[in-house]
Structure formats: C-alpha cells, structure tokens
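Subject: Structure handover

Hello,

Here is the structure I promised to pass on. Please have it open while you read, as my notes follow below.

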Amino acid sequence: MTPSFPKIIWQTHNHKEEWLPENLKQVKATWINLNPGWDYRYVDQVQRDQRVSHYPEIYEVYKYQLPIPQADIWRYIVTYEEGGCYADMDSVCIKPLDFMLQGIYGDPEMIVVPKNKDYGNNCNFITKAKSPIMESVVNQIKQDTSYLSIFVDTVYDHENVSKLFDAASHSLEYKKRVLAKGFTINYYGENIKYTDFLEQKGLSLTI
C-alpha cells in the first residue's frame, strides 16, 4: 500500500518569492515541475515569523535566532500543523514524490533521509499532519531552547518512520551558483537530463 500524505511541498528562504535569485528559482521549479499534483508553498521570512508567533513560548526562543535556526523551528511547526513535504532551498528534486512513495512499504507517519554515518538530518522529510512524532518535536522545543538535536533524537529511531526519502539531491552546490539544469532526474524509472525533461514537457527552468 502506498502511504498517504498531504500533497503539499514546503520551502523557505529569507527573500520574498519574487526576489529569489535565479539559482533558487531553478531549485523551486524542480519541485513544481516534477510534482504537478502537489501544492507548492514558498514561505519568506516575514511569513515564517507570523506562523511561529502563534506559539508564544516558542517565539520567545525563535526571535533571537539566526535565519537558519529560525527556519528549522518553522519547518517543524508548519509540517506538524499541515503535514506534507519539507525541502531545503539547496535541495533539487530529482524524482517525483508520487514515484518515490510507490517504493515505501506500509503506511508510516513520516519519511526521512537516511542517517549519514551517525547523524540524521532535517533537510528533506515528509510527514502526516498532526503526526504524534512531530507533535513531540514541537512540544520539546517549547521546553528546551537547545532544540537543534531534538528532531534527530526524536525521529530517527521511531518505529513509525521510514528512512527511504530519496527524491532530492541535497547539497550546498547552489551557493556556488551551480544551477539545476545540470542535474539528471529519475522520471518514473527513466533517467533523463532535467533540461531534456523540460523540453519534452514544455516546462520552464524557472517559475
């Protein structure tokens, strides 16, 4: 049975959406182009602040953080409330999420990137709304200002999590101005250059 998740893709950056640099517009487009049945939602810094402010005890910690830790806190809250897929802005989509989900056994609450050596990460994951796992993460942030390890400590050993998230290529390459047009994607089992896929589908490199 293919697991069922809210078909929402979340990404965030400090820029307003219309002010995103060209390379980040290309990253954004990979998620939209490869997942036409999903609702793509980009959130800027102001919108992040508004969402987190609904949790006053968390916001007192959040407002003194740098932008990256702020984005960490926001992603936990928004995916707990509404579910869906969170992807970092340096994560290029290389496989449709619906295709990826076909390879997941059972009906887990979450799917996360496998551990790298002894470390988990929160750069890409997908979760059900109101997941008890994500509720636990949010509740722990309310109690502990040293929240950065909470996601990994809470999620990675949980029996209701699958560790097979492989729909994204996550790296810091975008910071070197390497653009998404150089990637190869897996489109329902066919490996193809991303630019060839765009040409075949009549899609744009940026959206």
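Ile185 stands opposite Ile192 in S10. The two strands involved are S9 (residues 184-187) and S10 (residues 190-193), which run antiparallel and are joined by four bridges. Strands (E, at least two residues) and helices (H or I, at least four residues) are DSSP runs, numbered from the N terminus. Two strands pair if DSSP finds at least two bridges between them.

This is a predicted model, in which local features need pLDDT of at least 70 and side-chain atom pairs count only at pLDDT 80 or more, while totals for chains, interfaces and linings use all residues. Residues are numbered from 1 along each chain as its sequence is written, and side-chain values use heavy atoms, with hydrogens and water left out.

Back to the hairpin of S9 and S10, which has two residues between the strands. Tyr188 lies in the loop there and has a positive phi of about 50 degrees, although it is not a glycine. With a relative accessible area of 40%, Tyr188 is partly exposed (buried means under 20% relative accessible area, exposed over 50%, partly exposed in between, with a 1.4 Å probe and protein chains only). Lys130 is another residue other than glycine with a positive phi, near 55 degrees. Its place is in the loop between S6 and helix H6 (132-143), and at 48% relative accessibility Lys130 counts as partly exposed.

Next, the sheet. In what order do the six strands of the open sheet come? The order is S2-S1-S3-S6-S5-S7, and the pairing is mixed. Strand S2 (39-43) and strand S7 (161-162) are the edge strands, each pairing on one side only. In general, strands of a sheet pair through backbone hydrogen bonds, either parallel or antiparallel.

The pairs can be taken in turn. Strand S1 (residues 8-12) and S2 run parallel and are joined by five bridges; Trp10 has Arg41 in S2 as its bridge partner. S3 and S6 pair in the antiparallel sense over four bridges, and there the partner of Gly84 in S6 is Thr127. Strand S5 (residues 110-112) also pairs with S6 in the antiparallel sense, over three bridges, with Ile126 of S6 as the bridge partner of Ile111.

Are the two faces of S6 covered or open? Both are covered: Asn124 and Ile126 on one side, and Phe125 and Thr127 on the other, are all buried. In a regular strand the side chains alternate between the two faces of the sheet.

Two helices to look at on the sheet are H1 and H4. Helix H1 (residues 22-34) lies across S1, S2, strand S3 (84-87) and strand S6 (124-127), and runs at about 175 degrees to S1. Helix H4 (residues 67-82) packs on the sheet as well, touching S1, S2, S3 and S6, and its direction makes about 165 degrees with that of S1. Axes here are lines fitted to C-alpha atoms, for helices over the stretch in contact, and angles run from 0 to 180 degrees between N-to-C directions. Contact means heavy atoms within 4.5 Å.

H1 also packs against helix H8 (residues 194-201), at an angle of about 50 degrees and with the axes 12 Å apart. That makes H1 oblique to H8 (angles under 35 degrees count as roughly parallel, over 145 as roughly antiparallel, 65 to 115 as roughly perpendicular and the rest as oblique). Ala29, Thr30, Asn33 and Leu34 of H1 make the contact with Tyr194, Phe197 and Leu198 of H8.

Ser204 lies in the segment after H8. Apart from its neighbours within four places in sequence, Ser204 is in contact with Ala29, Asn33 and Leu198. Ser204 is partly exposed, with a relative accessible area of 37%.

Last, the cysteines. How many disulfides does the structure hold? It holds zero (a disulfide is a pair of cysteine sulfur atoms within 2.5 Å). For Cys93, the nearest cysteine sulfur is that of Cys85, 7.7 Å away. Cys93 counts as buried, at 0% relative accessibility. Cys123 is in no disulfide either, and the nearest cysteine sulfur, again that of Cys85, is 10 Å away. At 6% relative accessibility, Cys123 counts as buried.

Regards
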